[in-house]
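I opened the model and kept notes on what I looked up. The entries follow in the order I made them.

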Amino acid sequence: MSTAAPRAFFDRTHTDDLIEFLGTSPSPYHAVASAAERLEKAGFRQVAETDAWDGAAGGRYLIRGGALIAWYLPEGAGPETPFRIIGTHTDSPNLRVKPVPDTGSAGWRQVAVEIYGGVPLNTWLDRDLGLSGRLALKDGGARLVQLDEPLLRVPQLAIHLDRQVNDGMKLDRQRHLTPIWGLGPVDEGSLIAYVAERAGLAAEDVVGWDLMTHDVQPASYLGRDRELLAGPRLDNLLSVHAATAALAAVAVAVAEGGVTLPYIPVLAAFDHEETGSESDTGAQSPLLGNVLDRTVHARGGSPEDRARALAGTVCLSSDMGHAVHPNYSERHEPGHHPLPNDGPILKVNVNNRYATDGVGRAVFAAACEKAGVPWQSFVSNNAMPCGTTIGPITAARLGIKTVDCGIAALSMHSARELCGAEDPYLLASAIKAFLEG
């Protein structure tokens, strides 16, 4: 941990707003809409990828599906001005509705789902699930839908019928994860008709869908002193929220004349990180690179200016990490035991599963020191495989210095995860300091 100046006081209003953000963001499409709403309040305006862009100062953002790219051009920024990028992702592991959703067995009506990402399957058992996502319409438009009610449930087999369940439960991904949502024979078309009606649409107007389940239990403080936060989709909406709050705060500070920016701050919130980032809205796509190129061009820049700008650019990739688990401490690296509410974690892996190196460590340490935020180091146990993030992808695709950080949490990828209630504010403070340079 660093020996930086004493941390900023805990602003619980930030975590309160995070809880609201989680509740309004059950899908990646809702997450970018929620982030955009916060950016709009800070003076950002939406631009379309199909329009020509200008080089005027101010905040802008674009939305493509479940991804959002936002940036703030300060007055006087030249075409060679470097960027400070905060990278995150909007998707979380869950159960997603199949193209032919209506199914059933033994007198039960069920919904066919596909498992998205690395899901601890047992965490989705016996939970009241809602549906959210988007509906694609005949006219080419799309409609967001969020049904925050107990519509579906994946029932666990009673212990009386599986006496060995506590010796090791094994779930078949095809047979055992199909939610129920009623009684009766299979009624083809009934699910989409119901969802369309709730969205104020006729069923025949819906030609496609990207729908997913979510736990309808809201996020909440936990513990005697309310020092912990339990909730869904902390990985990685906590980082999306922190980055959005930080970028909005930077923009407001500049507008009020309190900050002069030597860099162009950028927020890149990608989709499909949990499945490898290989999509037109994922970190493997040219989306971010195209945006950076176009902002250089809009300011009259040349390929030489772009190369100069990227040479001075740094990306901070923020994603959830592992806190030491009190019941499984032997699975963690003995000299690195991150704890909740001890500040953000710097994630290191010499095999480049994380992008951090020594120079990146110095950048992160400087941002935390400026913000008065403590920080911790994370590295995996050598006997355990290490996960990865958008950090190495971004570093390799754009050729820019990238640092991986995050928040220490338990139950990662569970239907409900757990972290420190203070850490979201500490992370946002560090990101703001990083974006300000």
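Predicted model: local features only at pLDDT ≥ 70, side-chain atom pairs only at ≥ 80, totals over all residues.

Entry 1, helix α2. I checked the length of α2, residues 28-41, against its ends. At 1.5 Å a residue, its 14 residues should span 20 Å, and the end C-alpha atoms are 20 Å apart, so the two agree. I then looked up burial, counting a residue as buried under 20% relative accessible area. In α2, 10 of the 14 residues are buried. Among them are Tyr29, His30, Val32, Arg38 and Leu39. Just after α2, I noted that Gly43 has a positive phi of about 100°.

Entry 2, strands around β12. I found β11 (residues 220-222) paired antiparallel with β12 (residues 228-231) over three bridges. Ser220 has Ala230 of β12 as its bridge partner. The two strands form a hairpin with five residues between them, and in the turn Gly223 takes a positive phi of about 105°. I also traced β12 to β20 (residues 417-420), an antiparallel pairing with four bridges. Here Leu229 is bridged to Cys419 of β20.

How many cavities of 30 Å³ or more does the whole structure hold? My search returned five. I sorted the lining of the largest cavity into five nonpolar, five polar and three charged residues. Strand β10 (residues 206-215) gives the largest share of that lining, three residues.

Definitions and conventions
Residues numbered from 1 in each chain as written. Heavy atoms only, no water. Expected span 1.5 Å × (residues − 1). Buried < 20%, exposed > 50% of the residue type's maximum accessible area, 1.4 Å probe, protein only. 1 Å grid on protein atoms, 1.4 Å probe; cavity = no way out; pocket = protein on both sides within 12 Å on 5 of 7 lines; lining within 4 Å. Points joined across faces, edges and corners; volume = space filled by probe spheres on them. Nonpolar A, V, L, I, M, F, W, Y, C, P; charged D, E, K, R; others polar. Pairing = 2+ DSSP bridges.
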